[in-house]
Amino acid sequence: MKNFLSQKRILITGACGTVGSELTKQLLEDHKPLEIVGIDNNESELFFLEQKYLKYGNTKFAIADIRDCEKLTRMMQGIDIVFHTAALKHVILCERNPFEAIQTNILGVKNIINAASACNVERVIFTSTDKAVNPTNVMGTSKLMGERIITAANSNQRDATTIFASTRFGNVLGSRGSVIPIFKEQIKKGGPVTLTDPEMTRFIMSIKDAVQLVIDSAKIALGGFVFITKMPVIRIKDLAQVMIEDLAQVLGHNPEDIDIKIIGTKPGEKLYEELMSQEETRRALELKNYFAVKPAFESLYNKTGYIYDDIVSDTVSNPYNSANEPALTKKELRNFLLTNKLLEECKDTSHPDKRYWP
């Protein structure tokens with residue numbers, strides 16, 4: 001895999017985000033490509049990111065917005081691989097600003113496709129989300145459209161010079177917007193820890209593992225596929241209990257004195273997380289680390305050979321959602337949190353201790 005990327009020029013959109021910044025880090029430290037170009041519209045964070053990687057002579061960071069197709073086309077000249085991680089991702093903000101979500105999450109993807117096609121980019125990997133499956137909100141719907149037009153871009157091109165594919169995963173624990181920093185602050189203040197529903201389950205993974213699988217997908221990508229990362233499942237109630245048991249005393253409280261308060265789900269919020277729908281199972285393959293969903297419609301001009309060396313099964317019978325999968329035990333969950341250093345005391349004292357509830 002390292003040899004595959006070592007001679008590539010790579011562009012990362014949303015380079016300052018959780019996934020984009022970790023992607024930059026892993027590529028530079030472990031894969032040493034010819035060049036990395038990171039773009040973002042967050043000027044301050046981009047400045048700090050550039051300072052962080054000054055010692056690398058193969059990096060370039062630029063202010064750019066994926067809504068600007070002309071700028072994207074200029075930035076992609078000579079690029080081999082595009083990792084598209086930029087998006088509007090907060091469910092409530094997208095719900096209240098749907099036109100902005102369309103501009104970034106749908107038309108922005110269209111701009112990526114147009115620029116990559118114009119510059120004969122080798123591969124484009126679009127990072128999607130569980131919320132694109134049977135969407136119940138604007139953000140999920142916009143990400144589903146992003147997946148669909150990535151797949152369509154692959155099937156509609158006549159010369160098949162660019163491979164367009166998507167990778168879909170669930171919650172990255174410890175990322176921006178994750179529940180862990182909120183739970184930490186609530187425990188620090190003596191509780192209560194707020195829980196939406198005791199039956200809620202979620203897929204989880206660490207940011208390091210999430211990004212490694214995104215990188216891996218660039219190598220195995222076949223045109224139009226959606227790659228669904230296999231992930232462990234947790235009960236959110238177990239997460240709250242483990243964090244109280246392990247952090248309360250460290251933060252100066254008795255674990256038994258910290259209550260868990262049930263506050264109910266937000267509109268459009270699911271009790272379980274879906275990574276693959278019932279319809280998608282009919283055209284899915286199971287690989288070692290992924291499920292790979294074939295396009296609903298094959299390319300109009302070029303046939304793709306859907307062959308993989310690590311096929312576990314060529315049939316998938318059950319939708320991949322957190323209600324169908326066994327959850328980690330509290331011991332396994334605790335080991336996951338400790339291994340990924342997610343139980344360390346939160347140093348960001350400015351993080352809110354309340355859920356954002358409109």
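Biologist: Why is Lys-341 called exposed?

Modeller: Its relative accessible area is 57%. Exposed means over 50%, buried under 20%, and partly exposed in between, with a 1.4 Å probe and protein chains only. So 57% puts Lys-341 in the exposed class. This is a predicted model, where local features need pLDDT of at least 70, side-chain atom pairs count only at pLDDT 80 or more, and totals for chains, interfaces and linings use all residues. Residues are numbered from 1 along each chain as its sequence is written, and side-chain values use heavy atoms, with hydrogens and water left out.

Biologist: What makes the phi of Lys-341 worth a look?

Modeller: Phi is near 55°, a positive value, and the residue is not a glycine. Most residues other than glycine have a negative phi.

Biologist: Why is Lys-32 called exposed?

Modeller: Its relative accessible area is 54%, so Lys-32 passes the over 50% mark. Lys-32 also has a positive phi, about 50°.

Biologist: How do you know that the bond from Gly-191 to Pro-192 is cis?

Modeller: Its omega is near 0°. Most peptide bonds are trans.

Biologist: What makes up the lining of the second largest pocket?

Modeller: Six residues are nonpolar, three polar and six charged. Arg-148 is one of the residues nearest the centre. Arg counts as charged, along with Asp, Glu and Lys. Pro-295, Ala-296 and Phe-297 are also among those nearest the centre. Pro, Ala and Phe count as nonpolar, as do Val, Leu, Ile, Met, Trp, Tyr and Cys; the others, Gly among them, are polar.

Conventions. On a 1 Å grid over the protein atoms alone, a cavity is a set of points where a 1.4 Å probe fits but cannot get out, and a pocket is an open set with protein on both sides within 12 Å along at least five of seven lines; lining residues have an atom within 4 Å of a point.
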